[in-house]
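Please keep the sequence and the structure in view while reading.

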Amino acid sequence: MQYDKDLQSEHKDLFIQARTFLLSFDGIIETKKESITTYSNKKGGICHMRTMPYGIDFGFLKGAKMDDELGLLTGQGKALRVLPQKELNKEAVTYYLKQAIAINSKQ
(Lines give C-alpha, C1' and ligand atoms only; values in the text may rest on other atoms or scores of the structure.)
Protein backbone atom coordinates (compact mmCIF):
# COMPACT_ATOMS: atom_id res chain seq x y z
CA MET A 1 0.00 0.00 0.00
CA GLN A 2 1.33 3.44 -0.95
CA TYR A 3 0.61 4.87 2.51
CA ASP A 4 3.00 2.31 4.04
CA LYS A 5 5.65 3.17 1.44
CA ASP A 6 5.23 6.86 2.27
CA LEU A 7 5.81 6.11 5.96
CA GLN A 8 9.04 4.28 5.06
CA SER A 9 10.30 7.09 2.81
CA GLU A 10 13.14 9.41 3.75
CA HIS A 11 10.46 12.13 3.54
CA LYS A 12 8.08 10.46 5.99
CA ASP A 13 8.27 13.36 8.47
CA LEU A 14 7.18 15.80 5.75
CA PHE A 15 4.43 13.38 4.69
CA ILE A 16 3.14 13.08 8.27
CA GLN A 17 3.27 16.85 8.77
CA ALA A 18 1.34 17.43 5.53
CA ARG A 19 -1.17 14.67 6.36
CA THR A 20 -1.85 16.20 9.78
CA PHE A 21 -2.30 19.61 8.18
CA LEU A 22 -4.76 18.30 5.56
CA LEU A 23 -6.80 16.46 8.18
CA SER A 24 -7.04 19.65 10.25
CA PHE A 25 -9.46 21.08 7.66
CA ASP A 26 -13.09 20.50 8.54
CA GLY A 27 -14.69 17.58 6.70
CA ILE A 28 -11.54 16.18 5.07
CA ILE A 29 -11.59 12.39 4.77
CA GLU A 30 -8.47 10.28 4.15
CA THR A 31 -8.65 7.11 2.05
CA LYS A 32 -5.64 4.82 1.87
CA LYS A 33 -5.58 3.08 -1.51
CA GLU A 34 -3.12 0.61 -2.94
CA SER A 35 -1.46 3.15 -5.23
CA ILE A 36 -2.13 6.51 -3.50
CA THR A 37 -3.55 8.19 -0.40
CA THR A 38 -6.48 10.42 -1.28
CA TYR A 39 -8.29 13.23 0.50
CA SER A 40 -11.90 14.15 -0.11
CA ASN A 41 -14.99 15.60 1.52
CA LYS A 42 -18.67 14.71 1.22
CA LYS A 43 -18.82 16.54 -2.12
CA GLY A 44 -16.02 14.53 -3.78
CA GLY A 45 -12.30 14.14 -4.29
CA ILE A 46 -9.95 17.00 -3.46
CA CYS A 47 -6.37 15.79 -3.74
CA HIS A 48 -3.98 12.93 -3.30
CA MET A 49 -0.58 12.97 -1.65
CA ARG A 50 2.54 10.84 -1.94
CA THR A 51 6.24 10.98 -1.23
CA MET A 52 8.64 11.67 -4.07
CA PRO A 53 12.45 11.61 -4.35
CA TYR A 54 12.55 15.35 -3.53
CA GLY A 55 9.75 15.53 -0.91
CA ILE A 56 5.99 15.19 -1.46
CA ASP A 57 3.40 15.92 -4.12
CA PHE A 58 -0.15 17.11 -3.66
CA GLY A 59 -2.16 16.17 -6.74
CA PHE A 60 -5.23 18.41 -6.94
CA LEU A 61 -7.85 16.38 -8.78
CA LYS A 62 -9.62 19.42 -10.27
CA GLY A 63 -6.52 21.60 -10.39
CA ALA A 64 -7.08 22.67 -13.98
CA LYS A 65 -10.13 24.62 -12.76
CA MET A 66 -8.17 26.42 -10.04
CA ASP A 67 -6.56 29.85 -10.14
CA ASP A 68 -2.78 29.62 -9.88
CA GLU A 69 -1.78 33.14 -8.87
CA LEU A 70 1.14 31.66 -6.92
CA GLY A 71 2.46 29.90 -10.03
CA LEU A 72 3.33 26.73 -8.12
CA LEU A 73 1.19 24.11 -9.86
CA THR A 74 2.67 21.80 -12.48
CA GLY A 75 1.05 19.67 -15.16
CA GLN A 76 -0.85 20.15 -18.38
CA GLY A 77 -3.53 17.44 -18.09
CA LYS A 78 -7.25 17.98 -18.53
CA ALA A 79 -7.91 17.90 -14.77
CA LEU A 80 -4.97 17.20 -12.44
CA ARG A 81 -2.40 19.75 -11.26
CA VAL A 82 0.46 18.94 -8.91
CA LEU A 83 1.92 21.01 -6.09
CA PRO A 84 5.45 19.71 -5.38
CA GLN A 85 6.80 20.43 -1.89
CA LYS A 86 10.31 20.08 -0.46
CA GLU A 87 9.08 21.74 2.74
CA LEU A 88 5.46 22.20 3.74
CA ASN A 89 4.27 25.61 2.57
CA LYS A 90 1.06 25.85 4.60
CA GLU A 91 0.00 29.11 2.98
CA ALA A 92 0.27 27.67 -0.54
CA VAL A 93 -1.46 24.42 0.41
CA THR A 94 -4.26 26.39 2.07
CA TYR A 95 -4.64 28.61 -1.00
CA TYR A 96 -5.10 25.63 -3.32
CA LEU A 97 -7.02 23.46 -0.85
CA LYS A 98 -9.66 26.15 -0.25
CA GLN A 99 -10.16 26.45 -4.01
CA ALA A 100 -10.52 22.68 -4.39
CA ILE A 101 -13.11 22.60 -1.61
CA ALA A 102 -15.01 25.50 -3.22
CA ILE A 103 -15.01 23.73 -6.62
CA ASN A 104 -16.48 20.63 -4.97
CA SER A 105 -19.18 22.73 -3.33
CA LYS A 106 -20.34 24.01 -6.73
CA GLN A 107 -20.85 20.53 -8.15
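Strand β4, residues 55-60, is mostly covered, since 6 of its 6 residues are buried. Here, buried means under 20% relative accessible area, exposed means over 50%, and partly exposed lies in between, with a 1.4 Å probe and protein chains only. Helices (H or I, at least four residues) and strands (E, at least two) are DSSP runs, numbered from the N terminus. The model is a predicted one, in which local features need pLDDT of at least 70 and side-chain atom pairs count only at pLDDT 80 or more, while totals for chains, interfaces and linings use all residues. Residues are numbered from 1 along each chain as its sequence is written, and side-chain values use heavy atoms, with hydrogens and water left out.

Which strands pair with β4? One partner is β3, residues 44-52, which pairs with β4 in the antiparallel sense over 6 bridges; two strands count as paired if DSSP finds at least two bridges between them. Within this pairing, Thr-51 has Ile-56 of β4 as its bridge partner. Between β3 and β4 there are 2 residues, and the two strands form a hairpin. The other partner is β5, residues 81-85, which runs antiparallel to β4 and is joined to it by 5 bridges. Here Gly-59 stands opposite Val-82 of β5.

These strands belong to a chain with 3 helices and 5 strands. Read from the N terminus, the order of the elements is α-α-β-β-β-β-β-α. The loop between α2 (12-23) and β1 (29-32) holds Gly-27. Apart from neighbours within four places in sequence, Gly-27 is in contact (heavy atoms within 4.5 Å) with Ser-40 and Asn-41. The C-alpha atoms of Gly-27 and Leu-80 are separated by 21 Å, and these residues lie 53 residues apart along the chain.

The chain as a whole may now be considered. Its radius of gyration is 13 Å, which agrees with the value near 13 Å for a compact globule of 107 residues; this radius is taken over C-alpha atoms, and the globule rule is 2.2 Å times the number of residues to the power 0.38. Along the principal axes, the C-alpha atoms fill a box of roughly 35 × 30 × 25 Å. Of the 107 residues, 44% are buried. Among contacts with a separation of 6 or more, 51% are between residues 24 or more positions apart.
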